[in-house]
Amino acid sequence: MADDSKDALQQLQARLALTLDESRAEARQRRHAKGYRTARENLHDLVDDGSFQEYGQLAVAAQRSRRDYADLQVSTAADGIITGTCTINADSVGADRARAAVAINDYSVLAGTQGYFHHRKLDRLCDVAMRHRLPVVMYTEGGGGRPGDTDVATQIAGLNLSSFAAWARLAGKVPRIAVSNGYCFAGNAALFGCADFRIATQQSWTGMAGPAMIEGGGLGSFAPMDIGPVKAQQRNGVVDIVAADEAQATRVARQLLSYFQGNAERWECADQAQLRSVIPADRRWGYPVRRLIEVLADSDTFLELQRVFGRGIITGFLRIEGRPLALMASDCQQLGGAVDAESADKAARFLSSCGALGLPVLSLIDTPGFMVGPDSEAAGAVRRMSSLFTAGAALEVPLIAIFLRKGYGLGAMAMAGGGFMEPVYSAAWPCGEFGGMGLEGAVRLGYSKELAAVPEGEAREALFARLVAKLYQVGKATEAAAHLEIDAVIDPADTRQVVLRALDAALPPA
């Protein structure tokens, strides 16, 4: 009996070994020849050492009726998707907060296509993640649905699947981070698009249909690299972060997940006195707000999303004394900081995701208001800008508003969660200025008769400048605070402590 038990164990170990890279040398070499990593190399880089517990490792494609079973065990290892639970970032956030689930689509197995057991494994993982509130990191490379699973004889179209609904149902329950490299088409792209946060490498192509489906639909013949290149998907907001390669994408995924895992135990920051000089004295000049953010945040903790989409508003994450926050910031170097339709869409989606996932929000505001004009309205301004109010009103997490300089009109209200009293604390730097609309526009509109009465030229320009200065005095930060339209005016160097005290008032430290 002991010999039988030993033999059975050896058989098991041999069978499990067939799923590993060492037994799949040809597949590994094909990946490396492209400059890519294997699925298991990505897995080992992502998870903490020794923490991964795999589900369904022995699965193979449902093709036993048409292919040799021994071959299937190697060539369709794990049926093209590695799933399991693990910890990620335990060294920085602690093991109890580092629990996670992962799904790594394996392109070396039938081009990463989704087969019968592949879907069942994904369904199982989503169920475990839902029941135990585990964040999920998924690598989505693959070609979509697989037509060759002939063992399944009880389906017609193969659309009686729960994977997509199960993945989507996790929205607002746990963070879902998707990583795409290489080709990601059809069902794989649907999973990528459903994720809360989407990372893609520079060598990635993502589309809701691959070349075969496009050609089959009579829409022409295209090479895979013609479909959804990363530069296009970055510009249109599909991709949140572009990484150089899978190694960098994995590092970014770990960092992004960490903000939802709680406080970091170690931190350092720049000299906060630098904040006193980051904004020019001349209110007409712009400044690099990302530099301001990097000084304000704990060192090396600022991570930006969708940098080239909706550029009037910066979205991302940072830490202050180790505490994670979602960040929304005006960029005065883009449209003067005006909130256009695209940036409103971007910020509304960001607020909704972070609010549902329980992350407090810091809003750094310097805006003349919503972008106006016929072109703005043609872009759907009424609907898209209003979505920012809806997202703000739905927030159940603390929002702290810091007015860096301009706080004008509906746009400033939207950036503050819908109104200046919506944040748990709203404060301005001394250079803050407020009004129902931008000062220059208010003067042109409100003093049009006075300006028209003065001849064009230096005299009119001088009157215009005096009227703007007068309105500035009326609307400067100290006056807004004196009239209780904001809660305080603060020393810029104290911003970190102001934010932390506001957080403590609304959400005690974990």
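## Packing, strand pairing and salt bridges in a predicted model

Helix H8 (residues 187-194) is mostly covered, with six of its eight residues buried; buried denotes under 20% relative accessible area, exposed over 50%, and partly exposed the range in between (1.4 Å probe, protein chains only). Helices (H or I, at least four residues) and strands (E, at least two) are DSSP runs, numbered from the N terminus. The structure is a predicted model, in which local features need pLDDT of at least 70 and side-chain atom pairs count only at pLDDT 80 or more, while totals for chains, interfaces and linings use all residues. Residues are numbered from 1 along each chain as its sequence is written, and side-chain values use heavy atoms, with hydrogens and water left out.

The buried positions of H8 are Gly187, Asn188, Ala189, Ala190, Leu191 and Phe192. These buried residues pack against strand E3 (99-105), H6, E4, H7, strand E5 (176-185) and strand E6 (197-207).

One of the elements that H8 packs against is H6, and helix H6 (residues 116-132) holds His119. His119 counts as buried because its relative accessibility is 6%. When neighbours within four places in sequence are set aside, His119 is in contact with Gln114, Leu161, Ser163 and Phe164, contact being heavy atoms within 4.5 Å.

Strand E9 (residues 313-320) is also mostly covered, and eight of its eight residues are buried. Ile313, Thr315, Phe317 and Arg319 point one way from the strand, whereas Ile314, Gly316, Leu318 and Ile320 point the other way. Two strands are taken to pair if DSSP finds at least two bridges between them. Strand E8 (residues 303-305) runs antiparallel to E9 and is joined to E9 by three bridges; Leu303 has Phe317 of E9 as its bridge partner. Strand E10 (residues 323-330) likewise runs antiparallel to E9, with eight bridges joining the two, and Thr315 is partnered there by Met328. E9 and E10 form a hairpin with two residues between them, and Glu321 in the turn has a positive phi of about 50°.

Side chains of opposite charge can pair when their charged atoms come close. A salt bridge is here a side-chain nitrogen of Lys or Arg within 4 Å of a carboxyl oxygen of Asp or Glu, and by this rule the count comes to 22.

| Salt bridge | N to O distance |
|---|---|
| Arg31 and Glu141 | 2.9 Å |
| Arg67 and Asp71 | 2.9 Å |
| Asp298 and Arg496 | 2.9 Å |

Arg31 and Glu141 form a salt bridge. Arg31 lies in helix H2 (residues 25-33) and Glu141 in the loop between strand E4 (136-139) and helix H7 (163-169), so this pair ties together parts that are 110 residues apart in sequence. Arg31 is buried, with a relative accessible area of 6%, and Glu141 is buried, also at 6%.

In the pair of Arg67 and Asp71, Arg67 is partly exposed, with a relative accessible area of 24%. Asp71 counts as partly exposed at 35% relative accessibility.

The remaining tabulated pair is Asp298 and Arg496. Asp298 lies in the loop between helix H12 (289-296) and E8, and Arg496 in helix H21 (residues 495-506), so the pair ties together parts that are 198 residues apart in sequence. Asp298 is buried, with a relative accessible area of 2%, and Arg496 counts as buried at 4% relative accessibility.
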